[in-house]
Structures are given as structure tokens and as C-alpha cells.
Amino acid sequence: MSGKNAMIGDYLGTIEEFLPGRGTYAQDGKIYAACMGEIVLDSAKHLAEVKGKSLPKLREGQVVFGEVSSIKKSQVIVIVSRILGIDTPIDERSFIYVSNISDKFVDKPEDMFAVGDIVKAEVFKIKDDLIDLSTKGDLGVVKAFCRKCRRPLVKSDKREGKMECLNCGHLELRKTAKDYGNVCEI
Ligand SMILES: [Zn+2]
């Protein structure tokens, strides 16, 4: 059985054969898998374990990428899918509070972001599983889409600080990252 993949609740052995190790639980003298992952039965140590497929955990100070999923009155909700420098994708709901958007005063988050934008941000604070991001400084939107026709926006060379749709000519505002447009598909 060792080396096979376990589903939660799979029977692994008895407590006479093994000690219930990490990723397992014992009930009525039998050991079961407590998580999904690879079964490791060590007969020398008499230990049964399930090595769970652990996702990378977010830490404060990391730079992350994610997509804006909704915009509320005082915060932007971003689904983080990547950590800079780590290949394994993640899926973490996080927030950018209006005061963490820019070094300048921002009144409404919807002036600086739109749903579907790809954002580069720093993990500012993690408390009680709530993940706060910041886009101050050089961080912000790395890919934005026209609110009218959904085509990608470019930085306007005609209007300083504005984003322009080359398809329909619509001008929009964003809190862009310094490297806007240089990020390939995430
Ligand atoms: Zn457009």
C-alpha cells in the first residue's frame, strides 16, 4: 500500500501494526487517512503516515499576483493565484483596503481597479486567515481590460497617467504597477 495515494478515510492498518503518524487518525484500533496524499508505511519504525499535498503558504512580505474578483465600498477582493518565485499555483482570497491601494489618497477603490484586472501586490498583513495586500509604491495593476470592450488597455502616451483602449479609444484610470504590461500570462 505504501506509495499509493490515499483519499480521506482510507484504511491504512491497525494500531498493532503501526503508530498513527502525521496525516492519519486512529479509530477503534484502526488507522485511517486524515488527508489526501501519498501513503508511507514504515515497517521499521512501525509508523503510518500520509504525506499531504501541501500548497505553498502565504507569508507577509511576499509579492503575489492575482485577479480582481469584486470591488466593495472600501476594499478590493483579489484571488491570489501566484507567489513571485514559486511555481505552484495557489488560490487564496485576499483584500486590498482602500488605504493600502496607493501612497496618494484614494476615495473609491473602483476608480483604481476593475473586475478582471491582474494585480501585483505585496502581502502586507495576515491575521486570523485574513490576507491584506498592498499595492503602494511600484505595485498595482499589471494587466487591465477596457470597461467597454474588454480589450487590454495600454498606458496612454497622449494623456499622462491614463490608460487607453487602442480598440475603442476609451480612457480609464488605474493604480498601475511600474512594470505594467510586462507580465506574461499568469
Ligand atoms: Zn475598449
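Strand β3 runs parallel to strand β7 (residues 47-52), and two bridges join the pair. Within this pairing, Leu19 sits opposite Leu47 of β7. The model is predicted.

The β3-β7 pair belongs to an open sheet of four strands. The strand order is β1-β6-β7-β3, and the pairing is mixed. The edges are held by β1 (5-6) and β3 (19-20). Each has a single partner strand, so one side of each lacks a neighbour in the sheet.

Next, the domains. The protein chain splits into domain 1 (5-52) and domain 2 (63-141). Their centres, taken over C-alpha atoms, are separated by 39 Å.

Now to one residue, Ser70. Ser70 is part of strand β8 (residues 63-71). Is Ser70 buried or exposed? Ser70 is exposed, because 10 other C-beta atoms lie within 10 Å, and a residue counts as exposed at 12 or fewer.

Which residues does Ser70 touch, leaving aside its neighbours within four places in sequence? Ser70 is in contact with Ile77 and Val115. A further pair is Ser70 and Glu122, which are 52 residues apart in sequence. In space, 18 Å lie between their C-alpha atoms.

The two C-alpha-based distances are set out here.

| Pair | Distance |
|---|---|
| Ser70 to Glu122, C-alpha to C-alpha | 18 Å |

Note on methods: Residues are numbered from 1 along each chain as its sequence is written. This is a predicted model: local features need pLDDT of at least 70, side-chain atom pairs count only at pLDDT 80 or more; totals for chains, interfaces and linings use all residues. Two strands pair if DSSP finds at least two bridges between them. Domain bounds come from an automatic or database domain assignment. A residue is buried if 20 or more other C-beta atoms lie within 10 Å of its own, exposed if 12 or fewer, and partly exposed in between; C-beta atoms are placed from the backbone. Two residues are in contact if their C-beta atoms, placed from the backbone, lie within 7 Å.
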